[in-house]
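This briefing is for a reader who is new to the structure shown below.

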Amino acid sequence: MPKPTFFNLPDEKRQKLIHAAGEEFSRVPLFEASISNIVKAAGIPRGSFYQYFEDKEDIFFYLLNEQAVKRKNSFIAMLEKHDGDIFEAVTEIYREFLYDMPDEEERNFLKNAFLNVTHKIEDAFTTMFSGTQSNEQIEEIKQLINREILNISEEKELFYVIQILTAVVFRNFVEKFARELSDGEAMDNFTVEMNLLKKGLAKRT
């Protein structure tokens, strides 16, 4: 997490540093990123960087967590729009990412994160759907989900439904970039998987 001195910066300087880091992480993945490039673009001494962040991982995960908050808010809006239909909500989130993300820097930042995934990156991503930052966020999301359309009988099963759908969304993001799928191919694959989950995988006798 950023140090308190980062939040004490004037907004213009804070945004300039964040923009410089975003540019660097959209250009290359975390392990190739250079603090020297970030501070040069931000116009600050290298020593000043360490007054705000511990290292490049610190500022990378700050940016990734900001993305998670942004996507979580979008997910909540989609649940409200689709009357709690979690399948429609996650499908629209995926479609929105493919077709409606105009910011190329933001898209490349996420692409580099997905192509160089670690457990920590995956954990940050899952907060977009599970709201694991706090119990209140978890409850907010759970209350919005329409359980009448789900084949569940216990409260704890809802948690696993969210986990399964999150895993499918995450894997499809990784596959889209790793296999260099077109947006149309990626959307088709995702739709097939969502339809299989909605129907159920076991044949009823």
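Helices here are DSSP runs of type H or I with at least four residues, numbered from the N terminus. By that numbering, Glu-180 falls in the loop between α10 and α11, the latter covering residues 183–199. The model is a predicted one. A search of the whole structure finds 15 salt bridges, and the cavity count, for those of 30 Å³ or more, is 2.

**Annotated spans**

- An unreviewed UniProt entry places the feature "domain: HTH tetR-type" at residues 11–71.
- Residues 34–53 are 75% helix and 0% strand, with 14 Å between the end C-alpha atoms.

**Largest cavity**

- The largest cavity holds about 80 Å³ of space.
- Its lining is made up of Arg-71, Ile-93, Glu-96, Phe-97, Leu-110, Phe-114, Phe-125, Met-128, Phe-129 and Phe-173.
- The elements that give two or more residues to this lining are α6 (86–99), α7 (104–115) and α8 (119–130).
- Sorted by class, the lining of the largest cavity has 8 nonpolar residues, 2 charged residues and no polar ones.

**Second largest cavity**

- The second largest cavity has a volume of about 30 Å³.
- Leu-64, Leu-110, Ala-113, Phe-114, Ile-121, Phe-125 and Met-128 line the second largest cavity.
- At least two residues of this lining come from α7, and at least two from α8.
- The lining of the second largest cavity consists of 7 nonpolar residues, with no polar and no charged ones.

**Salt bridges**

- Glu-24 and Arg-27 form a salt bridge between their side chains, at 3.0 Å from N to O.
- Both Glu-24 and Arg-27 belong to helix α2 (residues 11–27), where they are 3 residues apart, about one turn of the helix.
- Glu-24 has a relative accessible area of 5% and is buried, whereas Arg-27 has 52% and is exposed.
- A second salt bridge links the side chains of Arg-147 and Glu-155, at 2.4 Å from N to O.
- Arg-147 is partly exposed at 28% relative accessibility, and Glu-155 is partly exposed at 40%.
- The side chains of Glu-175 and Arg-171 also meet in a salt bridge, at 3.3 Å from N to O.
- Glu-175 and Arg-171 lie 4 residues apart in helix α10 (residues 155–178), about one turn of the helix.
- Arg-171 counts as partly exposed, with a relative accessible area of 36%.
- Salt bridges with shared partners join Glu-139, Lys-142, Arg-147 and Glu-155 into one network.

- Asp-83 is not a glycine, yet its phi is positive, at about 55 degrees.
- Asp-83 sits in the loop between α5 (56–81) and α6.
- The relative accessibility of Asp-83 is 63%, so this residue counts as exposed.
- Glu-180 likewise has a positive phi of about 55 degrees without being a glycine.
- The relative accessibility of Glu-180, in the loop between α10 and α11, is 71%, so Glu-180 counts as exposed.

- Ile-59 is part of helix α5.
- Ile-59 has a relative accessible area of 0%, which means that it is buried.
- Apart from neighbours within four places in sequence, Ile-59 is in contact with Leu-17, Ala-21, Phe-25, Phe-49 and Phe-53.
- Ile-59 and Phe-25 are separated by 34 residues in sequence, and their C-alpha atoms are 10.0 Å apart in space.

Definitions and conventions: Residues numbered from 1 in each chain as written. Predicted model: local features only at pLDDT ≥ 70, side-chain atom pairs only at ≥ 80, totals over all residues. Heavy atoms only, no water. 1 Å grid on protein atoms, 1.4 Å probe; cavity = no way out; pocket = protein on both sides within 12 Å on 5 of 7 lines; lining within 4 Å. Points joined across faces, edges and corners; volume = space filled by probe spheres on them. Nonpolar A, V, L, I, M, F, W, Y, C, P; charged D, E, K, R; others polar. UniProt positions renumbered as here; feature names shortened; annotations may be inferred. Salt bridge = Lys/Arg side-chain N within 4 Å of Asp/Glu carboxyl O. Buried < 20%, exposed > 50% of the residue type's maximum accessible area, 1.4 Å probe, protein only. Contact = heavy atoms within 4.5 Å.
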